[in-house]
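Trainee: I would like a close look at one part of this structure. Please take me through the salt bridges, step by step.

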Amino acid sequence: MRLIAGCIILCIILLGYISWLYGSFKVNIYLAPAIAVTGITAALFFSGLLNVMTAAFFCISGLGIFLFIRYFFGIRWHEILKEEYFSFLILALIFGYVIYYLKGAVYGDGDTMTHWALIAREMCETNRLPNFTTQVVTYQSYPPATACWIWFAARFTGFSEAKSLLAQAGWLFSLVISSFALNRNHRKVFSLAAGLLVLFLMFFEVGIDNLRVDIILPAAFLAGASVCFAEHENKNLPLLLVPFLIVVTAIKNSGILFAAYLAVVYAFLPVKETTRLFTRLQRLLLALAVSGGTIYLWKKHTDMVYKNAGDTRHAVSVSAMKHIFGDRTADDIREILTMFLKRWFSLNESAEWVGFLIFIIVLLAAFTVAKKTAVLTGAGVFAGYACYKVLLLAMYLVNLPGEEAKRIPAYTRYQGTYTVIVLFAALYLFSLLAEKYRGLSAAAAAGAVILAFVLSAASSSFTRIVVRPDYESAGCHRKLAALVTISRKSGWLLRIIRRASRES
C-alpha cells in the first residue's frame, strides 16, 4: 500500500515541476523530466552539505504539489499526446519493460553492495549524508548525488533493493529521453533511432540491475547537451543548465571532465555566427565556475566530516596520487602502458569501435547538409576522446595501487562511459539529416545503418536486454552464502541449520 501511495505522490510532485517548466519556461516536454529530477537532486546535494536534508525534502515536496495544482490542469496534454504519440508509445514500452525487468530485483555486483547501496541505505536511516560516525563507507571522497535521489524517492516508497534500483533507473530514463528533444520536425525515423538509443543505454555495459554510476554520468551530460541544442534560443538556458553542471560533478570524481565537456557545448554549440568570442569564453568560464564550486564545497565537506578522506581508495588527492605513483618502477609503468594499449586496440572492445563507426558514417552524411556543425561536432568528439583516454591512462598510473593497475580493471565499463557520448553525437547529427530530408529515403537509409550497427554494438549487452535475471535464485544464493560465512564463525548456528534441515 505504501509503495502505491508513495509512487502516486512522487509522480504528482514530478508532474508539478514538469508542468511548471513546460508551462512557464516553455521547455521542451522531453527535457522537463531530466531538468526536474536533476534539479531536485542538486538541491538535495547542497542541503546535505548544509545538513538540512529533511527540511529540503518537505520544501521540495510541498512546492512540487503546489506547482501541480497551479500548472498541471492548465496544460493541454491531449494536444501534446496527439502530436507526440509515436515517441510516447516507444518510451512507454521501454519504461514498462524496465519496471518488469526490475521487479523483485536484488543487487548484482560487489561495488553496489560494498559502496553505493551502503550510502543510500545509510542516508535512508539517518536522513543526512554519511559522516565520521559511519563505518561502512569505504570510498569517502566519492560524491553521493545518486544516493540523494534514491533517498528522496525512498522517503515515499520505503527502501529496498528493487526500489533503489528502480529509482536510479527512473532518473537514468529521464536523462536519456532528453535526446528526443532533438526531433524538431517529429520524424518517425528519428524517434525509432532515439528509442533504440534509449533502450541501449538503459542496459549498456553497467545495466540497470546495479547502482554503479558509469552510465548515469554521461547520461547527465547527454541531457545537459540536449538542453543546449534544443533550448539555445531560450533566455532561461543558463538557469536550466545549472542543475546539470552541479550534478555531473556530484555523481563521480571524474565528473569534472564531463562538466568541462558540457561547458564547451554550452559555450560553442550550436553554431551562431552572431555570438562573439568573448561571450563564448564568458559562458565557458561561468559554467566551469559552477562545477568547480561544487567540487570545492564537496572537498571542504569531506575534510570536515572525515579524518582522512583524501587518503582513502580512489581519492582524488595530490598526496595519495604521489604516493601511488612514487611506488611505480619503470617496469610497472611499461607493463601498465602495454596492457592499456592492448585493451584499447582489442577487437573485443566492440562497443567502442562500432560506436565510432556509427559516428563517422553519420558525420560524413551530415557534412553534406551542415558542414560547419559537422566539423565542430567531429572535432569536439575526437578531442574529447583524446582527453578521456589520457586521463583514463593517468587513472591507472596514479590512482590504482599495486598490481591491480596492471590488469587494467573495468576498462570496458570505463570506456563505455565515453561511448555514450559518441552515440549521442551521432544521434545529434542524424537529427540534422532527418530535419533536412522530408522524405524517408535518405533519412531512412541512414537510420537503417544506425540501427544495424547499434544492435551490433549492443551484442555484449543483448543478453542483458532480452533475458531477465533470475533475481529469486540470485537472492537465495546470496543469503545462503551469508549464512555459510556466519556459520563458520558460529558453530552453534551451523548446528541449528543442520537440525532444521533434518526436521524438514
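Mentor: Start with the term itself. A salt bridge is a side-chain nitrogen of Lys or Arg within 4 Å of a carboxyl oxygen of Asp or Glu. Keep in mind that this is a predicted model. The structure holds nine salt bridges.

Now go to D214. Here D214, K252 and R413 are linked in a network of salt bridges. Take the pairs one by one.

K252 and D214 come together through their side chains, with N to O at 3.0 Å. That is within the 4 Å cut-off, so the pair counts as a salt bridge. Look at where the two residues sit. K252 is in the loop between α10 and α11 (255-268), while D214 is in the loop between α8 (188-203) and α9 (216-230). The pair therefore ties together parts that are 38 residues apart in sequence. K252 and D214 are both buried.

Next, R413. Its side chain meets that of D214 in a salt bridge, at 2.9 Å from N to O. R413 belongs to helix α17 (residues 411-436), and D214 to the loop between α8 and α9. These are distant parts of the chain, 199 residues apart. R413 is buried, as is D214. So what does the network join? It links D214, K252 and R413, because D214 forms a salt bridge with K252 and another with R413.

Compare another pair. E352 forms a salt bridge with K389, and their closest N and O atoms are 3.4 Å apart. E352 lies in helix α15 (residues 350-366) and K389 in helix α16 (residues 371-398). This pair, too, links distant parts of the chain, 37 residues apart. Are these two buried or exposed? Buried means under 20% relative accessible area. E352 has a relative accessible area of 3%, so E352 is buried. K389 is at 4% relative accessibility, so K389 counts as buried.

Helix α10 (residues 237-251) packs with helix α2 (residues 32-49). The angle is about 55°, and the axes are 9 Å apart. That makes α2 oblique to α10. Their crossing is left-handed. On the α2 side, the contact includes A34, I35, F45 and F46. On the α10 side, L240, F244 and V247 are among the residues that take part. By type, the contact residues are eleven nonpolar, three polar and no charged.

Methods: Residues numbered from 1 in each chain as written. Predicted model: local features only at pLDDT ≥ 70, side-chain atom pairs only at ≥ 80, totals over all residues. Heavy atoms only, no water. Axes fitted to C-alpha atoms, helices over the stretch in contact; angles between N-to-C directions. Helix = DSSP H or I, 4+ residues; strand = E, 2+ residues; numbered from the N terminus. Parallel < 35°, antiparallel > 145°, perpendicular 65-115°, else oblique. Left-handed = near helix turned anticlockwise from the far one by under 90°. Contact = heavy atoms within 4.5 Å. Nonpolar A, V, L, I, M, F, W, Y, C, P; charged D, E, K, R; others polar. Buried < 20%, exposed > 50% of the residue type's maximum accessible area, 1.4 Å probe, protein only.
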